[in-house]
Amino acid sequence: MLTPKVKHRPAITDPAKVGPLLRAIDGYDGDGAVRIALQLSAHLFVRPGELRLAQWEEFDPDSCIWLIPASRTKMRRLHKVPLSRQVLGLLEKLEGMTGGGQLLFPSPRSDKRAISDNTLNAALRRMGFKQDEMTAHGFRAMAATLLNECGKWHPDAIERQLGHIEGNDVRRAYVRGEHWGERVQMMQYWSDRLDQLRSTEAGVRRKFSQASAGEQAAPSRDGDDESISPDWRQE
């Protein structure tokens, strides 16, 4: 029996390089909806086609869940994605751009069609990330690597969030849990971790500058960030 080859897509998995990637995305000067698509790719790490074809009706902001229909998933199973506070904020911004239609990311040529499958990769190239360095699909490997390395989450919870199914028939018969509660916590952790990685280098530079000038850094305060209300689609 032939074993299928595993295709490893280029991805940035070094934490020291994730921050520069995220800051480059934040500064992307192309289409605003494409910038948000890249930001959501990092936070949600779904398959690019699942995000590209996403429809507004699939999102429940009150329950903070995105339900991806089975017809659009690789495994042909309904896939539930918890939405972090950061993701709700990005969706709120995106709604002001494309909320009048059915698709989150309509094509510039027709709001009945989604952006092409090459749009996000083209944006990464425009930002200077080479084809063998990072791809839209690479956000999945980035999240899987760093979430596994941190040791905080059960590997099965990570696999479920990636939309993977256990390949071993015997193990699959016993591992039926969806780890939903853990996944909700994990997705908020992941968004917070991305924020941390994005700001690390800037924070180091700021502290160095303050130390050089003989200034004392102001103490940080919890709760300074405005919370995003889950009813971002309500009147």
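Select helix 4 and colour its buried residues: Gln-86, Val-87, Leu-88, Gly-89, Leu-90, Leu-91, Leu-94 and Thr-98. Buried here means under 20% relative accessible area, exposed means over 50%, and partly exposed lies in between (1.4 Å probe, protein chains only). Helices are DSSP runs of H or I with at least four residues, strands are runs of E with at least two, and both are numbered from the N terminus.

The model is predicted: local features need pLDDT of at least 70, side-chain atom pairs count only at pLDDT 80 or more, and totals for chains, interfaces and linings use all residues. Residues are numbered from 1 along each chain as its sequence is written, and side-chain values use heavy atoms, with hydrogens and water left out.

**Stop 1**

An α-helix has 3.6 residues a turn, so residues three or four places apart point the same way.

Now pick Gln-86, in helix 4 (residues 85-98). Why does Gln-86 count as buried? Because its relative accessibility is 17%. Show its surroundings, leaving out residues up to four places away in sequence: Gln-86 touches His-43, Gln-188, Ser-191, Asp-192 and Asp-195. A contact means heavy atoms within 4.5 Å. Draw the link from the side chain of Gln-86 to the side chain of Gln-188: it is a polar contact of 2.9 Å. A polar contact is a pair of N or O atoms within 3.5 Å; within protein, one must be able to donate a hydrogen and the other to accept it, and residues adjacent in sequence count only if both atoms are side-chain atoms.

**Stop 1: the largest nonpolar core**

Next, select Leu-21, Leu-40, Trp-66, Phe-105 and Met-142. These have the most contacts inside the largest nonpolar core, which has 53 residues. Such a core is a set of buried Ala, Val, Leu, Ile, Met, Phe, Trp, Tyr and Cys residues joined through side-chain atoms within 4.5 Å. Two or more residues come from each of helix 1 (15-26), helix 2 (32-44), strand 2 (65-68), helix 4, helix 5 (119-126), helix 6 (138-150) and helix 9 (180-212). Which element gives the largest share of this core? Helix 2 does, with 8 residues.

Centre on Leu-21. Beyond its neighbours within four places in sequence, Leu-21 is in contact with Ile-12, Leu-124, Phe-129, Met-134, Phe-139 and Met-142.

**Stop 3**

Two strands pair if DSSP finds at least two bridges between them.

Begin with strand 1 (residues 59-60), which pairs with strand 2 over 2 antiparallel bridges. Asp-60 has Ile-65 of strand 2 as its bridge partner. The hairpin of these strands has 4 residues between them, and Cys-64 takes a positive phi near 55° there.

Cross to strand 3 (residues 79-82), joined to strand 2 by 4 antiparallel bridges. Here Ile-65 stands opposite Pro-82, and Leu-67 has Lys-80 as its bridge partner.

**Stop 2: positive phi and cysteines**

Most residues other than glycine have a negative phi, and most peptide bonds are trans. Select Arg-76, a non-glycine with a positive phi of about 55°. Arg-76 is in the loop between strand 2 and strand 3, and counts as exposed because its relative accessibility is 54%. Then jump to His-179, also not a glycine, with a positive phi of about 55°. His-179 lies in the loop between helix 8 (169-174) and helix 9, and is partly exposed at 25% relative accessibility.

Now show the cysteines. Cys-64 is partly exposed, with a relative accessible area of 24%. Cys-150 is partly exposed too, at 29%. How many disulfides are there? The count is 0, taking a disulfide as a pair of cysteine sulfur atoms within 2.5 Å.

**Last stop: the whole chain**

Zoom out. The chain has 9 helices and 3 strands, in the pattern α-α-α-β-β-β-α-α-α-α-α-α along the sequence. Buried residues make up 39% of the 235 residues. Of the contacts between residues at least 6 apart in sequence, 68% join residues at least 24 apart.
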